[in-house]
Amino acid sequence: MKIKVLGSSAVELPNANLTSFLVDDKILIDAGTIGAVLDEDRQWKIRHVLLSHSHLDHIKDLPFLADNISISRKKHSVSVYSSPEVNNALKKNIFNNVIWPDFTEIPSSDNPIIRLKNIKPGKPFTIDHYNITTYKVNHAVPAVSYLLEDRKGKRLIYIGDAGPSNTIWKSVVKKIHGLIIEASLPNRYKSMALETGHLTPELLASELNKMKHTPEMIFITHCKPGYRKKIKEELKKLNILNIRILKDGDELDI
Ligand SMILES: [Zn+2]
Ligand SMILES: [Zn+2]
């Protein structure tokens, strides 16, 4: 499984892109950054989008992807998977013909550019040859994480924004080859992290302790700007094996 990091930042700045990961060129996990990084041909290859939650830094470029498809007169649609809460929020607040055209009905309701698909946490589904399971995680708004397994049996867990969570760690018993997980804030902001549904390095270590097997590789995302160096130092002190903070543009192979 090849994963390209389109964006791994919690804020948008020159050279810091909002959260998006592209799996094997066709499945996008979160949609904070698309058009600033991918040329048109690569945008057309995206046919599935998995959204973790409704916060703008994770959905920002989805409306622009839809518009690009429409303007180019491409005929394909993009399936957007998330919880009903997220899909309802997209329909009500973004694709509402006020903020943006309703691409869930354009060019027609039978054949729209954006197809919103509700997932049910804990109930597996498939996209092409990937088996996908979602789990609820704790954040300020309803949020889910994703476990993707490809046909070679390689397993990736993606956790967008989330504070300490339990269901996922109890449910996932198989070995994980890659874990993308956040560490938004340094240890001294533990109470803020818990209030807002985020992790510090120490909270991250407690999450890893809940896992049956330590993942082969752990990739850290969503560091708040200005804290990246501190978070890196604090992670180093925890002596966790095979852990690294992601950079935009990284290509991961698990
Ligand atoms: Zn969030
Ligand atoms: Zn975020």
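How much space lies in the largest cavity? About 40 Å³ lies there.

## Basis of the model

This is a predicted model, in which local features need pLDDT of at least 70, side-chain atom pairs count only at pLDDT 80 or more, and totals for chains, interfaces and linings use all residues. Residues are numbered from 1 along each chain as its sequence is written, chains are lettered from A and ligands numbered from 1 in the order in which they are written, and side-chain values use heavy atoms, with hydrogens and water left out.

## Zinc sites

Donors are N, O and S atoms within 2.8 Å of the metal (3.2 Å for Na, K and Ca); water is not among the atoms, so sites may look incomplete.

H58 in helix α2 and H222 in the loop between β12 (217-221) and α8 (228-237) link parts of the chain 164 residues apart; helices (H or I, at least four residues) and strands (E, at least two) are DSSP runs, numbered from the N terminus. D161 bridges the two zinc ions, which lie 3.7 Å apart.

Both H58 and H222 are buried, where buried means under 20% relative accessible area, exposed over 50%, and partly exposed in between (1.4 Å probe, protein chains only). D161 is buried at 3%, and H55 is partly exposed at 27%.

## Cavity and pockets

The structure holds one cavity of 30 Å³ or more. Residues lining the largest cavity include V137, I159, W169 and E207; by class, its lining has seven nonpolar, two polar and one charged residues. On a 1 Å grid over the protein atoms alone, a cavity is a set of points where a 1.4 Å probe fits but cannot get out, and a pocket is an open set with protein on both sides within 12 Å along at least five of seven lines; lining residues have an atom within 4 Å of a point. Grid points are joined across faces, edges and corners, and a volume is the space filled by probe spheres set on the points.

The largest pocket has a volume of about 220 Å³. Of its 20 lining residues, S8, S9, A16, C223 and R228 are the closest to its centre. The second largest pocket has a volume of about 170 Å³, and its lining includes R73, H76 and P107.

## Aromatic pairs

There are four aromatic pairs in the structure. One of them, Y81 with F125, is stacked, at 5.2 Å centre to centre and 20° between the planes. Y81 in strand β5 (residues 78-82) and F125 in strand β7 (residues 125-127) are 44 residues apart, and both are buried.

Conventions
Ala, Val, Leu, Ile, Met, Phe, Trp, Tyr, Cys and Pro count as nonpolar, Asp, Glu, Lys and Arg as charged, and the others, Gly among them, as polar. Rings of Phe, Tyr and Trp (its six-membered ring) pair if their centres lie within 6.5 Å; planes under 30 degrees apart count as stacked, over 60 as edge-to-face and the rest as tilted.
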